[in-house]
There are 2 protein chains.
Amino acid sequence: MVSQDRALLVVAHGSRREQSNEEVRKITSQIKGHTANVYGHVKCAFLELAEPSIPDGIEQCIAAGAQEVVVLPYFLSAGRHVATDIPAEVAGKQKAHPGVSIIIAPYLGAAEGIVELMLTLSRSR
Amino acid sequence: MVSQDRALLVVAHGSRREQSNEEVRKITSQIKGHTANVYGHVKCAFLELAEPSIPDGIEQCIAAGAQEVVVLPYFLSAGRHVATDIPAEVAGKQKAHPGVSIIIAPYLGAAEGIVELMLTLSRSR
């Protein structure tokens, strides 16, 4: 599979505060800059309060040509949003596009490297 | 300054869902295991919905002997909690303990390594 067939969709909660949504868009751009050889398309979507929605984000990836969409939850804890809401949104789109593989990656808070990152931060003040 | 004089306080939002608070406590334990030579005390505290509160967490660190407390916001975006609420809680305690240095580290979402971490996650599914 070539990179143009693969999309990464960063999924965040969404905020009334536009600056928080912009932070997500900025991180998404940074990921895009680092990963063009793996993901031909890198986009973000929001569970609520901001656009695009998760279903719309998945549609954008598929419309751009992705055969595989990796959904990455930008969340720190495995709450209801990660455990239930995101899978439900993904399941709906998976049903609508049986030929596309839509995969949910582990949420950010589950990353092993997060402890190391926090140690680095604590020393960077 | 020896490690016993230094404390790291991981500050999270707090959740009605106890499992989310436990995730924070677990990460705090992991940090403790990696950093005993730097921080003699590693604790967590919550802005709301869970115990201890941030002022109580800072008090615990000082009671344990810390002369320096590094407060690390376990937040992904620089919203009101990071920009206003946490600094206000810290300022109150700083006033009560002028001889102790209480420092706020950058919040987790500001960490440079977060992009790398998300790339690793996207490949670990």
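Two residues are said to be in contact when heavy atoms lie within 4.5 Å of each other. In this predicted model, 41 residues of chain A are in contact with 41 residues of chain B. Local features need pLDDT of at least 70 and side-chain atom pairs count only at pLDDT 80 or more, while totals for chains, interfaces and linings use all residues. Residues are numbered from 1 along each chain as its sequence is written, chains are lettered from A in the order in which they are written, and side-chain values use heavy atoms, with hydrogens and water left out.

The two chains bury about 3,600 Å² between them, where buried area is the accessible area (1.4 Å probe) lost on putting the two parts together, summed over both. Carbon and sulfur atoms give 72% of that area. The rule finds ten residue pairs in polar contact across the interface, both at pLDDT 80 or more; such a contact is a pair of N or O atoms within 3.5 Å, in which, within protein, one must be able to donate a hydrogen and the other to accept it, and residues adjacent in sequence count only if both atoms are side-chain atoms.

Which elements build the side of chain A that touches chain B? Strand 1 (6-12), helix 1 (18-34), strand 3 (68-73), strand 4 (101-104) and helix 4 (114-123) of chain A each supply at least two residues. Helices (H or I, at least four residues) and strands (E, at least two) are DSSP runs, numbered from the N terminus. Helix 4 of chain A gives the largest share, eight residues.
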